[in-house]
Amino acid sequence: MKPFIRTEQYNFIKHQLHVLTNGHSTVNDKAVLNALHSLVNDKILSLFPDLTEDQHTLFSPISTIKNSDQADVLLNRLKPYIIPFKEVSEQSIKKLFPKAKKLKLPLLQNIDLVETTYIGWDDLGSNSKFIVTYLNDKLIGLQGTFNPMKKRGNCTICNKYGDLGLFMTKTKGKIEGTFTQRGNYICKDSQVCNQNILSLDKLHDFIMLVKQ
C-alpha cells in the first residue's frame, strides 16, 4: 500500500488521539467517551474521503484506544504511510533565491522529510529567515527579515502558542522607488512549527500574504 497521509494530516491525527486519551484520563461517563470516540473517528476519517478498504482498516483501532501507549501503537502503524516532503537539491534551493549571493543552506541530509511540511532556516549574519515549500506542487521560496520577539504568542503558520519572530518581506511598490513590506509572526523554531501544523490552510494564507 502506497503512502497516502500528508505530514500535517499525521499531526492532526496525533492531536486527535491526544484529545481521545486525555478524555479517558479525565472522564468516566461511558456515554461521553463513546461520543468522543465517534467524534475523533469522524474527524480523522474526514481527512480521507476516498479511502480504500485496506486504508480504512488501518484506522480501525481508534474505537479501542484508551491510553497513550495504545495511541502510539496506532501512530507507529501509520508512519510508513506518510508522504514525505519531496527531496530537493542544494542547486534547486539556490535557484529560488537568486539575489542571495552568499546563501547559507541547511544541512539537507539532517532533515526528516517525513516530519516536514516546509524547510525553514535562519541566516543570523543577514538577520534573515528562508522558507522552502510546495504550493500547488510547485517548489517556492520565501526570504524575509526575521526579528525574534520577547513575548510569546500564536504562530501565523501553525496557530500554536510559542516563541515567535516577525517575518517580513519587501517588494517593489507600484510607484517607482517605493517598497511594500508584508509579514507576520511565525515560530522561531521551524522544526517545532512543522510538528504543530495540523492544516495547510494557514501556511498557504501566509504564503499568499508575503508573496503579493
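## A guided tour of the predicted model

Start by selecting Asn159, which sits in the loop that joins β3 (138–154) to β4 (161–172). Keep in mind that you are looking at a predicted model. Asn159 has a positive phi near 70°, even though the residue is not a glycine. Asn159 is partly exposed, at 42% relative accessible area.

Now pick Asn127, in the loop between β1 (119–123) and β2. Here too phi is positive, at about 55°, in a residue that is not a glycine. Asn127 counts as partly exposed, with 34% relative accessibility.

**Into strand β2**

Move along to Lys129, which belongs to strand β2 (residues 128–135). Is Lys129 buried or exposed? With a relative accessible area of 1%, Lys129 is buried, because the cut-off for that label is under 20%. What does Lys129 form a salt bridge with? The partner is Asp122, and the closest N and O atoms are 2.9 Å apart. Asp122 itself is partly exposed, at 35%.

Next, show the backbone oxygen of Lys188: a polar atom of the Lys129 side chain lies 3.4 Å from that oxygen. If you display the surroundings of Lys129, leaving out residues up to four places away in sequence, the residues it touches include Trp121, Leu142, Phe146, Phe167, Ile186 and Cys187.

The model has 4 salt bridges in total. For another one, select Asp163 and Arg152, whose closest N and O atoms are 3.1 Å apart. This pair links distant parts of the chain, with Asp163 in strand β4 and Arg152 in strand β3, 11 residues apart. Asp163 is partly exposed at 39%, and Arg152 is partly exposed at 44%.

Then go to Asp137 and Lys86, a salt bridge with its closest N and O atoms 3.8 Å apart. Asp137 is in the loop between β2 and β3, and Lys86 is in the loop between α4 and α5 (90–96), so the pair ties together parts that are 51 residues apart in sequence. Asp137 is exposed, with a relative accessible area of 66%, while Lys86 is partly exposed at 46%.

**Helix α4, one side and the other**

Colour α4 (68–78) next. At its start, a side-chain oxygen of Asn67 comes within 3.1 Å of the backbone nitrogen of Asp69. Which residues of α4 are buried? They are Ala71, Leu74, Leu75 and Leu78. These residues are on the same side of α4, because they cover an arc of only 100° around the axis. An α-helix has 3.6 residues a turn, so residues three or four places apart point the same way. The buried residues of α4 pack against α1 and α3 (53–58). Turn to the other side of α4 to find Asp69 and Val73, both exposed.

**The nonpolar cores**

Last stop: the largest nonpolar core, with 22 residues. Phe4, Ile5, Ile13, Leu17, Phe59 and Leu78 have the most contacts inside this core. Helices α1 (7–26), α2 (30–45) and α4 each supply at least two of its residues. Centre the view on Phe4 and, setting aside neighbours within four places in sequence, look for its contacts, among them Phe48, Leu51, Leu58, Phe59, Tyr81 and Ile83. Apart from this core lies another, of 20 residues, including Ile140, Leu164, Leu200 and Val210.

Definitions and conventions:
Residues numbered from 1 in each chain as written. Predicted model: local features only at pLDDT ≥ 70, side-chain atom pairs only at ≥ 80, totals over all residues. Heavy atoms only, no water. Helix = DSSP H or I, 4+ residues; strand = E, 2+ residues; numbered from the N terminus. Buried < 20%, exposed > 50% of the residue type's maximum accessible area, 1.4 Å probe, protein only. Polar contact = N/O pair within 3.5 Å; in protein donor to acceptor, adjacent residues only side chain to side chain. Contact = heavy atoms within 4.5 Å. Core = buried A, V, L, I, M, F, W, Y, C linked by side-chain atoms within 4.5 Å. Arc of directions from axis to C-beta. Salt bridge = Lys/Arg side-chain N within 4 Å of Asp/Glu carboxyl O.
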